[in-house]
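Okay, thanks for coming, everyone. I have one structure for you today, so let me put it on the screen.

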Amino acid sequence: MSSSSNASIAKKARTKAEADFATWLMMAKLGGFDDLPSNAQSFLANYRTRLETMSEAESTALAVREVYSAYYSEMGGVGAAPEPKARTPTTEGKLVRSQRPPRPQPDQSAARHSTRPMTRKSLPALLIFASMVALIVAFRFLAQ
């Protein structure tokens, strides 16, 4: 198997391991430990045991590494799972939001110098109101 496919498998396995471990940890904290699959329960039990001797960050990193290695071999990776690239540490207890590229803003100077009239967002509401008035007038006319 080529190294590029192993790298692709490693990336997928790492992403899945991080997401799954975070999910399992949250479910366990919410009282759903018994509902987890047996492999998840064993990973969490090892994690809890290590918490007694090391910090939460170290224990979490090691647990994610174990899950990643298991997923790497399940997904068809050859040999030992490669060491992932170092990631920037996240602040504990806070959500990390993905960064989206900013939406392109329409050119304001072009909008000011346009010769056509600006359309308003209230146009659909105006059309609905006008059609309701027309229906009421038509109903009264036909009812007489």
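Let me start with a question: at roughly what angle do the axes of helix H2 and helix H3 cross? Before I answer, some housekeeping. This is a predicted model, where local features need pLDDT of at least 70 and side-chain atom pairs count only at pLDDT 80 or more, while totals for chains, interfaces and linings use all residues. Residues are numbered from 1 along each chain as its sequence is written, and side-chain values use heavy atoms, with hydrogens and water left out.

Now the answer. The axes of H2, residues 38-51, and H3, residues 56-74, cross at roughly 155° and come within 9 Å. That makes H2 roughly antiparallel to H3; on this scale, angles under 35 degrees are roughly parallel, over 145 roughly antiparallel, 65 to 115 roughly perpendicular, and the rest oblique. The axes here are lines fitted to C-alpha atoms, for helices over the stretch in contact, and the angles run from 0 to 180 degrees between N-to-C directions.

Who makes the contact, meaning heavy atoms within 4.5 Å? On the H2 side we have Phe43, Asn46, Tyr47, Arg50 and Leu51. H3 brings Glu56, Ser59, Thr60, Leu62, Ala63, Glu66, Val67 and Ala70. Sorted by class, that contact has seven nonpolar, three polar and three charged residues. For the classes, Ala, Val, Leu, Ile, Met, Phe, Trp, Tyr, Cys and Pro count as nonpolar, Asp, Glu, Lys and Arg as charged, and the others, Gly among them, as polar.

Arg50 sits in H2 and counts as buried, at 12% relative accessibility. The cut-offs: buried is under 20% relative accessible area, exposed is over 50%, and partly exposed is in between, with a 1.4 Å probe and protein chains only. Skipping residues up to four places away in sequence, Arg50 touches Ser59, Leu62, Ala63 and Glu66. Glu66, over in H3, is partly exposed, with a relative accessible area of 27%.

Is Leu44 buried or exposed? It's buried, with a relative accessible area of 1%. Leaving aside neighbours within four places in sequence, Leu44 is in contact with Phe21, Trp24, Leu25, Ala28, Phe33 and Leu36. Trp24 is 20 residues from Leu44 in sequence, and their C-alphas are 7.7 Å apart.

For contrast, take Lys11 in helix H1, residues 3-29. Lys11 is exposed, with a relative accessible area of 62%. Its C-alpha is 8.9 Å from that of Tyr72, 61 residues apart along the chain.

Zooming out, the protein has five helices and zero strands, where helices (H or I, at least four residues) and strands (E, at least two) are DSSP runs numbered from the N terminus. Buried residues make up 19% of its 144 residues.

Last, confidence. Mean pLDDT, the predictor's confidence in each residue from 0 to 100, is 77 for the protein, and 72% of the residues reach 70 or more. Confidence is lowest in helix H4, residues 108-112, at a mean of 54, and highest in helix H5, residues 123-143, at 88.

Conventions
Contact means heavy atoms within 4.5 Å.
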